[in-house]
Amino acid sequence: MSVYALYFSPTNSTKKIVKIIANEFGSFQEIDLSNRTLGFNKPFDKDDICIIGVPSYGGRVPSIALERIKGLEGNKAKVVLVVSYGNRAYEDTLKELAECVTNKGFCCIAGIAAIAEHSIMHQFATGRPDEADQKELVQFSRKILDKIKNTTAYDELKLPGSYPYREYKGVPLKPKAGKECTSCGLCAKLCPVGAISVQEPEKTNTKLCISCMRCIHVCPNKARKLNSILLKVASKKMEASCEKRKENELFI
């Protein structure tokens with residue numbers, strides 16, 4: 001049996017959550033689904049355990065994450081589904097992720113919805129997963145391990161969400177480079193969808209950009225930013241749904 005931690009995590013929040021969970025299963029191999037040059041194509045084994053994590057973008061799985069998951073071969077490996085979200089809602093994300101991995105031959109045994117600091121509006125769920133979250137995620141992991149030890153056949157996992165899935169049209173907030181940009185090219189290298197020109201990293205293809213905020217997160221000079229007026233307006237709209245603390249959830 002091998003354990004794998006797979007994550008699409010442009011700003012590392014989902015990665016942190018997945019690794020907290022995977023750590024309870026022993027040693028594990030990491031697979032970064034945010035990496036455009038992902039070279040992992042080995043089929044999994046039925047005895048393997050995979051913790052697969054994605055952020056919720058507007059209540060859906062990021063389409064690029066779905067594409068990369070569809071390149072995997074499950075072969076009945078057990079999967080713990082993990083969805084992170086910035087304290088608003090995750091709507092159909094868990095259900096959509098479950099459908100995708102099931103179609104690829106994985107066996108879904110548990111699902112977790114976990115709170116992470118909002119990747120765009122950092123005033124929402126600031127610092128999460130915090131210490132209390134981390135302790136709870138460890139408890140979730142142990143409950144899942146107990147299920148694995150005591151179960152030989154798995155019923156279909158009941159997860160929240162509806163079908164058809166809600167429509168997601170993206171967000172208008174696209175990072176742009178300012179005068180601090182030195183054209184080091186790190187953002188272009190690490191952009192999950194290749195929306196930044198390698199030759200001219202100060203430019204962004206807004207049609208390709210998925211507003212994942214990785215370029216802002218990795219920029220060593222903090223040269224990439226969002227339009228402050230648009231950000232303020234969007235934050236105001238989000239206040240009512242994001243200001244009250246949401247809790248992590250386990251589906252098992």
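Predicted model: local features only at pLDDT ≥ 70, side-chain atom pairs only at ≥ 80, totals over all residues.
Let me start with Cys100, which counts as buried because its relative accessibility is 7%, where buried means under 20% relative accessible area, exposed over 50% and partly exposed in between, with a 1.4 Å probe and protein chains only. Residues are numbered from 1 along each chain as its sequence is written, and side-chain values use heavy atoms, with hydrogens and water left out.

A search of the whole structure for disulfides, meaning pairs of cysteine sulfur atoms within 2.5 Å, finds 0. Cys100 is in no disulfide, and its nearest cysteine sulfur, 9.7 Å away, is that of Cys108. Cys209 is likewise in no disulfide, with the sulfur of Cys215 as its nearest, 6.4 Å away; at 13% relative accessibility, Cys209 counts as buried.

Now to the helices, which are DSSP runs of H or I with at least four residues, numbered from the N terminus. Helix H1, residues 13–23, packs with helix H4, residues 131–150, at an angle of about 45 degrees, their axes being 8 Å apart. That makes H1 oblique to H4, since angles under 35 degrees count as roughly parallel, over 145 as roughly antiparallel, 65 to 115 as roughly perpendicular and the rest as oblique. In the contact, defined as heavy atoms within 4.5 Å, Lys16, Ile17, Ile20 and Ile21 of H1 meet Gln134, Leu137, Val138 and Ser141 of H4.

How values were computed
Axes fitted to C-alpha atoms, helices over the stretch in contact; angles between N-to-C directions. Helix = DSSP H or I, 4+ residues; strand = E, 2+ residues; numbered from the N terminus.
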